[in-house]
Amino acid sequence: FTSSDINIGECIATASINNQRFTTARYINHSDNPNAKFIDYKDSTILIATKFIPKEYEILVNYKERKICQE
């Protein structure tokens, strides 16, 4: 859940750098109507808001689009 409002396009967190994964992804749940997504950016995977996410709202991604944790 968010601690503050998050705007569309805002970077929420870094999920990995140089294939070293962080615990960020463990706390993100699945939804068929996600408000965020993981994208590759240079040598990292980051979590970006795809919709406005109000304070204290759950951050959701579509696991089918997940790029992190694939080995």
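1. A residue counts as buried when its relative accessible area is under 20%, and as exposed when that value is over 50%. Asn-62 comes to 13%, so Asn-62 is buried. Please keep in mind while reading that this is a predicted model. Asn-62 sits in the segment after strand S6, which covers 60–61. A polar atom of the Asn-62 side chain lies 2.9 Å from the backbone nitrogen of Lys-64. Not counting residues up to four places away in sequence, Asn-62 touches His-30, Ser-31, Asp-32 and Pro-34.

2. Now for the chain as a whole. Along the principal axes, the C-alpha atoms fill a box of roughly 30 × 20 × 20 Å.

3. Of the 71 residues, 35% count as buried. The accessible surface of the chain is about 5000 Å², and carbon and sulfur atoms account for 46% of that surface. Taking contacts between residues at least 6 apart in sequence, 69% join residues at least 24 apart.

4. S1 and S2 run antiparallel and are joined by 2 bridges, with Ile-17 standing opposite Gln-20 in S2. S1 is also joined to S5, by 5 antiparallel bridges, and here Ala-13 has Leu-47 of S5 as its bridge partner. Strand S4 (residues 36–41) pairs with S5 over 6 bridges, again in the antiparallel sense. In that pairing Phe-38 is opposite Leu-47, while Lys-37 has Ile-48 as its bridge partner. The hairpin of S4 and S5 has 2 residues between the strands, and Lys-42 in this hairpin takes a positive phi near 55°.

5. How many residues of S5 are buried? The count is 6 of 6, so this strand is mostly covered. In a regular strand, side chains alternate between the two faces of the sheet. In S5, Ser-44, Ile-46 and Ile-48 point one way, Thr-45, Leu-47 and Ala-49 point the other way, and all are buried.

6. Which residues make up the largest nonpolar core? It has 11 residues in all: Ile-6, Ala-15, Ala-25, Ile-28, Ala-36, Phe-38, Leu-47, Ala-49, Ile-53, Ile-59 and Val-61. S4 and S5 each supply at least two residues of this core. Nonpolar side chains tend to be buried together in soluble globular proteins.

7. Leaving aside its neighbours within four places in sequence, Leu-47 is in contact with Glu-10, Cys-11, Ile-12, Ala-13, Ile-28, Ala-36, Lys-37, Phe-38, Ile-59 and Val-61. Among these contacts, Ala-13 is also a bridge partner of Leu-47, and Phe-38 stands opposite Leu-47.

8. Ser-44 belongs to strand S5, which spans residues 44–49. Is Ser-44 buried or exposed? Its relative accessible area is 12%, so Ser-44 is buried. The Ser-44 side chain makes a polar contact of 3.4 Å with the side chain of Asp-43. Beyond neighbours within four places in sequence, Ser-44 is in contact with Ser-16, Ile-17 and Ile-39.

9. Ile-17 lies in strand S1 (residues 11–17). With a relative accessible area of 34%, Ile-17 is partly exposed, whereas Ser-44 is buried. Setting aside neighbours within four places in sequence, Ile-17 is in contact with Phe-22, Asp-43 and Ser-44. Ile-17 and Phe-52 are 35 residues apart in sequence, and their C-alpha atoms are 25 Å apart in space.

Notes:
Residues are numbered from 1 along each chain as its sequence is written. This is a predicted model: local features need pLDDT of at least 70, side-chain atom pairs count only at pLDDT 80 or more; totals for chains, interfaces and linings use all residues. Side-chain values use heavy atoms; hydrogens and water are left out. Helices (H or I, at least four residues) and strands (E, at least two) are DSSP runs, numbered from the N terminus. Buried means under 20% relative accessible area, exposed over 50%, partly exposed in between (1.4 Å probe, protein chains only). A polar contact is a pair of N or O atoms within 3.5 Å; within protein, one must be able to donate a hydrogen and the other to accept it, and residues adjacent in sequence count only if both atoms are side-chain atoms. Contact means heavy atoms within 4.5 Å. Two strands pair if DSSP finds at least two bridges between them. Accessible areas come from the Shrake-Rupley method with a 1.4 Å probe; for residues, only the protein chains shown count as cover. A nonpolar core is a set of buried Ala, Val, Leu, Ile, Met, Phe, Trp, Tyr and Cys residues joined through side-chain atoms within 4.5 Å.
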